[in-house]
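Me: I would like to learn how to read a few backbone and helix features. Could you take me through them one at a time?

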Amino acid sequence: MENAVTVEVSRRSLNALRISIGIIYIWFGALKFFHGYSPAEDLAIQTINKLTFHLVPQPANIILLAVWECAVGLLLITGKMMRTALNLLFLHMACTFTPLLLFPAESFKFPPYGFTLVGQYIMKNIIIVCAALVLRRVAPEPARRTGPATQLSRR
């Protein structure tokens, strides 16, 4: 009886974790569709420009980021394609930490431990990464397709 209760609480907690991260992604992504609404807009544009060697023009770069974030959020909220959603999230999170290296003057007041508000904004993403690692651990594996080639190799 105790194990059944623990599993049910865990499932609910994991759903709450997944959905709450999805809401944050949609919220922050949606703000980027409207110029001036996201406090991270300028930093995101500068980072994308640096990472893509200015190959993605403005405002396409921030719109693509908005679409990316909203897509991750929708996938997380619905629980569909969780492995894909989490892979996109991890790639996005890796990029969110790059301003610490690319723009240290904006990220640190006293390097390497005294963050500016921008640096704190970036570092809080560690919580999202850790939560996503938990979700990845319990995410269902993608269904394997069985087709004629697979059936032949079994013989």
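Me: Where does Pro59 lie?
Reply: Pro59 sits in the loop between H2 and H3. Helices are DSSP runs of H or I with at least four residues, strands are runs of E with at least two, and both are numbered from the N terminus. This is a predicted model: local features need pLDDT of at least 70, side-chain atom pairs count only at pLDDT 80 or more, and totals for chains, interfaces and linings use all residues. Residues are numbered from 1 along each chain as its sequence is written, and side-chain values use heavy atoms, with hydrogens and water left out.

Me: Is the peptide bond from Gln58 to Pro59 cis or trans?
Reply: Start with the general idea. Most peptide bonds are trans, and most residues other than glycine have a negative phi. Here the bond from Gln58 to Pro59 is cis, with omega near 0°.

Me: Which prolines does the cis bond with omega of about -5° join?
Reply: That bond joins Pro111 and Pro112. Pro112 is in the loop between strand S1 (108-110) and strand S2 (114-115).

Me: What is phi of Phe53?
Reply: Phi of Phe53 is near 55°, positive although the residue is not glycine. Phe53 belongs to the loop between H2 and H3. His54 is in the loop between H2 and H3 too, and its phi is near 65°, again positive in a residue other than glycine.

Me: Is Phe53 buried or exposed?
Reply: Buried means under 20% relative accessible area, exposed over 50%, and partly exposed in between (1.4 Å probe, protein chains only). Phe53 has 65% relative accessibility, so it counts as exposed. His54, at 61%, counts as exposed.

Me: How many residues has H3?
Reply: Helix H3 (residues 60-78) has 19. The expected span is 1.5 Å times one less than the number of residues. H3 reaches 27 Å from its first C-alpha to its last, close to the 27 Å expected. Its buried residues include Ile62, Leu65, Glu69 and Leu76. Just after H3, Gly79 has a positive phi of about 75°.

Me: At what angle do H2 and H3 pack?
Reply: Two packed helices are described by the angle between their axes and the distance between the axes. Helix H2 (residues 41-51) and H3 pack at about 105°, with axes 9 Å apart. Axes are lines fitted to C-alpha atoms, for helices over the stretch in contact, and angles run from 0 to 180 degrees between N-to-C directions. Angles under 35 degrees count as roughly parallel, over 145 as roughly antiparallel, 65 to 115 as roughly perpendicular and the rest as oblique. H2 and H3 are therefore roughly perpendicular.
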